[in-house]
Amino acid sequence: MHFLDGANFPENQPKLVITCAPYGPEWMPSDFPEDIAVTMEQQIQKAVDCYNAGATVLHLHVRELDGKGSKRLSKFNELIAGVRARVPDMIIQVGGSISFAPEGDGETAKWLSDDTRHMLAELTPTPDQVTIAINSNQMNVVEQMTEADIAGTSLAEPAMYHAYREMTIPAGPEWVEEHIRRLSEKGIQTHFQLANITQLETVERMMRRGVCNVPLILTWVAIGGGFDQPNIYNLANFVRGCPDGSVLTLESSMLNVLPLNMMAIAMGLHVRCGIEDNIWTQDRSRKMGTVEQIEQLVRIAGEFGRPVANGQEARAIYKIGTFYKDADETLAANGFAPNRPVLQRAAPQLKVA
């Protein structure tokens with residue numbers, strides 16, 4: 001991405017797209033009962049409330065009535081249908097992990113099998129996006145959390161802490177390419193959740209091979225534990241690698257969320273908030289729900305003079321429904337340099353006078 005003169009002026013930036021992550025699968029309802037939705041109606045209403053507050057992208061996970069994260073695709077179908085009926089303009093982004101909660105005490109938090117995750121392409125109604133990780137990777141979501149972050153929550157329990165500390169992401173190349181193919185066939189946009197610049201480079205290579213003919217809509221996930229640390233140097237390195245046609249959202253965890261989002265607003269990038277990422281005010285004096293976090297970002301964006309996108313505007317910014325026919329079109333649309341032409345390898349011919 002290039003930042004020319006005037007890049008910080010709001011009139012030269014796209015409207016702000018706010019992604020909300022209100023379901024927080026790593027928490028138990030007892031961790032934040034005022035804000036964690038459990039029944040299906042509560043989960044649908046939570047999406048409506050987030051949309052009305054200013055969020056236009058819903059990062060979707062589902063809970064069972066016992067409060068645990070659901071792994072049943074039928075529950076995902078039910079929630080997607082409910083949200084679609086109530087807020088049809090909202091972009092529904094299904095979390096590709098499905099539910100990474102541990103099954104029992106002391107067990108490692110695991111993503112579901114490759115075959116099961118492929119079934120996200122069969123969800124009905126069809127979501128707008130499914131998130132995807134690139135390259136198998138450690139996902140120790142508690143590495144940067146402090147004792148104050150998890151005090152009084154289920155993550156403070158040794159067994160739960162261990163479960164999330166040892167979590168890994170299975171995302172090998174064959175599975176990734178097949179998953180993108182299946183999503184694209186169903187008209188579902190791939191939303192890339194990337195940990196660092198090396199994963200972005202892998203996405204570029206896939207596009208150059210013609211196996212990833214989609215818009216580069218991505219989130220930089222700066223949470224440590226196998227992902228980048230959320231500091232300005234890592235952010236600048238990642239942003240420098242993003243071509244001009246890409247659409248970038250920033251994501252972090254706990255008290256890093258608000259500062260990183262303020263950087264995103266100032267730079268013309270996009271933001272994510274919600275209890276999946278953070279449950280505290282900046283002084284940790286109390287817990288802060290997803291709707292209040294959205295309202296805070298809307299207020300800050302207003303101070304920057306940057307308007308917040310509505311549902312239809314967010315769909316245009318995110319290029320929902322757009323796919324490309326081949327590598328050449330994909331590279332050009334995303335702002336990458338074209339593939340190198342085939343070089344002539346024959347010996348140069350000498351001209352005789």
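This is a predicted model: local features need pLDDT of at least 70, side-chain atom pairs count only at pLDDT 80 or more; totals for chains, interfaces and linings use all residues.
Reader: With which residues is Gly 245 in contact, once its neighbours within four places in sequence are left aside?

Author: They are Lys 319, Ala 333, Asn 334 and Gly 335. The term contact requires heavy atoms within 4.5 Å. As for Thr 330, 85 residues apart from Gly 245 along the chain, the C-alpha atoms of the two are separated by 10.0 Å.

Reader: What makes Ala 37 buried or exposed?

Author: Ala 37 has a relative accessible area of 8%. The cut-off for buried is under 20%, so Ala 37 is buried. Its place is the loop between β1 and α1.

Reader: Which residues does Ala 37 touch, not counting those up to four places away in sequence?

Author: Ala 37 touches Gln 42, Gln 43, Lys 46 and Arg 63. The C-alpha atoms of Ala 37 and Val 62 are separated by 9.2 Å, and these two residues are 25 apart along the chain.

Reader: How do you know that strand β1 (residues 18-20) and β2 pair?

Author: Two strands pair if there are at least two bridges between them. Strands β1 and β2 have two bridges, in the parallel sense. Thr 19 has Val 57 in β2 as its bridge partner. Between these strands the chain passes through helix α1 (residues 40-53), and this β-α-β crossover is right-handed.

Reader: What makes a crossover right-handed?

Author: With the strands pointing away from the viewer, the path from the first strand over the helix to the second must run clockwise. The crossover from β1 through α1 to β2 is right-handed, and so is the unit made by β2, helix α2 (residues 73-86) and β3.

Reader: How many bridges join β2 to strand β3 (residues 91-94)?

Author: There are four bridges, and the two strands run parallel. At least two are needed for pairing, so β2 and β3 qualify.

Reader: Why is strand β4 (residues 129-133) called mostly covered?

Author: Five of its five residues are buried, and buried means under 20% relative accessible area. Gln 129, Thr 131 and Ala 133 point one way from β4, while Val 130 and Ile 132 point the other way.

Reader: Which strands are joined to β4, and by how many bridges?

Author: Two bridges join β3 to β4, and five join β4 to strand β7 (residues 189-194). Both pairs run parallel.

Reader: What is the volume of the largest pocket, and which residues lie nearest its centre?

Author: The volume is about 390 Å³. The lining has 20 residues, and Met 1, His 2, Pro 14, Met 267 and Gly 268 lie nearest the centre. By class, 10 of the lining residues are nonpolar, eight polar and two charged.

Notes
Residues are numbered from 1 along each chain as its sequence is written. Side-chain values use heavy atoms; hydrogens and water are left out. Buried means under 20% relative accessible area, exposed over 50%, partly exposed in between (1.4 Å probe, protein chains only). On a 1 Å grid over the protein atoms alone, a cavity is a set of points where a 1.4 Å probe fits but cannot get out, and a pocket is an open set with protein on both sides within 12 Å along at least five of seven lines; lining residues have an atom within 4 Å of a point. Grid points are joined across faces, edges and corners, and a volume is the space filled by probe spheres set on the points. Ala, Val, Leu, Ile, Met, Phe, Trp, Tyr, Cys and Pro count as nonpolar, Asp, Glu, Lys and Arg as charged, and the others, Gly among them, as polar.
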